[in-house]
Each structure stands twice: as C-alpha cells, then as structure tokens.
Amino acid sequence: MKNGETLEIREAATEDAASLLRFVDAVSGESENLTFGPGEFGITLAQEESYLAAQQKLSNSIYLLGLINGEIVSTLSFAGGLRPRIKHGGEFGISVRKPHWNKGIGRAMLSSFLAWCRQTGEIRKVNLRVRVDNQAAIHLYEQAGFKIEGRRSREFQINGQFVDIFLMGLEID
C-alpha cells in the first residue's frame with residue numbers, strides 16, 4: 001500500500017462472521033456512503049455465518065476481506081444472479097474503515113475483485129451504486145473502467161435529506 005503496510009486480501013470464511021459483524025458495526029458509524037447506519041445492519045451471528053457459507057457455494061459470488069495485521073479494514077461483496085439469464089452479472093459493495101482511507105485499499109480490493117471476475121469466465125457484467133457526491137469513489141470506479149449508466153433519485157435519506165445515486169457498470173470481456 002501507499003504507506004508501506006501490507007494488505008492481505010482473501011475470501012471470507014464462516015469463521016470470520018463475528019469479526020465481520022464487528023467491522024460492520026464500526027464502519028457503519030464512519031461514513032454516510034453506506035446503505036445502513038449505526039445499529040441498522042440487523043444481522044445476527046447465525047445469519048452472517050449462514051450467509052458466508054452460502055456465498056462460498058456459489059461460483060458467481062464472492063466476499064473479500066482486506067486485512068492489516070489480521071484486522072479487517074475492508075470488505076467487498078459481490079452477488080451474482082441466481083437464474084441462468086442473469087447469472088453472468090451482479091452488484092458489488094465495498095467499504096473501508098475510515099482510519100485506512102486514502103491508502104490505496106479500495107483500489108487494491110477492486111483490482112483483486114476484477115481479476116477474480118475475469119478469471120471466472122462466468123462474470124460478464126459488474127454493477128454498483130454510488131452516491132452522486134462521492135467523488136473519490138466515482139473517480140476510482142471510472143479509472144477501473146466503470147461507466148455511469150444512469151441516475152436514481154432519492155436512493156438514500158439521511159437526516160431528512162435525500163441523496164441520489166449513480167448506477168455504474170463494467171462489462172467484462
């Protein structure tokens with residue numbers, strides 16, 4: 001990474017469920033860019049373990065962890081379609097703990113994920129949603145080849161204020 005630290009990127013396992021819930025609890029209070037705020041995630045340990053186990057069985061889904069010194073500092077989850085007509089595509093979400101912003105972690109996670117997509121031979125379209133005012137993320141995605149495909153109004157409501165999002169996509173060929 002930019003600061004010389006080593007980022008380990010690996011797939012999440014069911015044994016990571018408790019650490020992931022702690023990560024989600026922490027990250028939920030650090031950014032308004034997520035679809036949930038503090039205390040809103042609403043997943044139990046058993047549900048998280050079940051979700052992770054299910055993810056591992058799907059060839060077109062992945063849950064990546066970014067770790068520094070064994071601590072989760074970033075996650076990226078991608079869920080592909082479940083039916084044959086939509087199995088080739090899906091949507092991902094990424095989050096990075098605020099103390100680790102601007103270190104290149106998001107770029108490394110995205111690069112690792114896109115390499116996985118290309119390696120599968122199955123994933124042909126990657127989608128995401130990003131707040132229209134999240135310029136740093138939009139810039140990262142555009143550098144990776146994503147294109148803005150649309151805009152959805154009032155996707156978020158935070159503290160009584162509506163926020164629009166861009167729908168972005170990347171074709172994997």
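Predicted model: local features only at pLDDT ≥ 70, side-chain atom pairs only at ≥ 80, totals over all residues.
Helix 1 and helix 2 sit roughly perpendicular to each other. That is my starting point today.

Some geometry, then. Two packed helices are described by the angle between their axes and the distance between the axes. Here, helix 1 covers residues 17-27 and helix 2 covers residues 45-57. Their axes cross at roughly 110°. They come within 9 Å. Angles of 65 to 115 degrees count as roughly perpendicular, so this pair qualifies. The handedness of the crossing is right-handed.

Which residues meet? From helix 1, we have Ala17, Ala18, Leu20 and Leu21. Facing them from helix 2 are Leu45, Glu48, Glu49 and Leu52. By class, the contact has 6 nonpolar residues and 2 charged ones.

Now to helix 4, residues 135-143. Which of its residues are buried? Ala137, Ile138, Leu140 and Tyr141. These four span an arc of only 160° around the axis, so they lie on the same side of helix 4. Look at the other side and you find Gln135 and Ala136, both exposed.

Last item, on the backbone. Go just past the end of helix 4 and you reach Gly145. Its phi is positive, at about 105°.

That's the tour. Over to you.

Conventions:
Residues numbered from 1 in each chain as written. Heavy atoms only, no water. Buried < 20%, exposed > 50% of the residue type's maximum accessible area, 1.4 Å probe, protein only. Helix = DSSP H or I, 4+ residues; strand = E, 2+ residues; numbered from the N terminus. Arc of directions from axis to C-beta. Axes fitted to C-alpha atoms, helices over the stretch in contact; angles between N-to-C directions. Parallel < 35°, antiparallel > 145°, perpendicular 65-115°, else oblique. Left-handed = near helix turned anticlockwise from the far one by under 90°. Contact = heavy atoms within 4.5 Å. Nonpolar A, V, L, I, M, F, W, Y, C, P; charged D, E, K, R; others polar.
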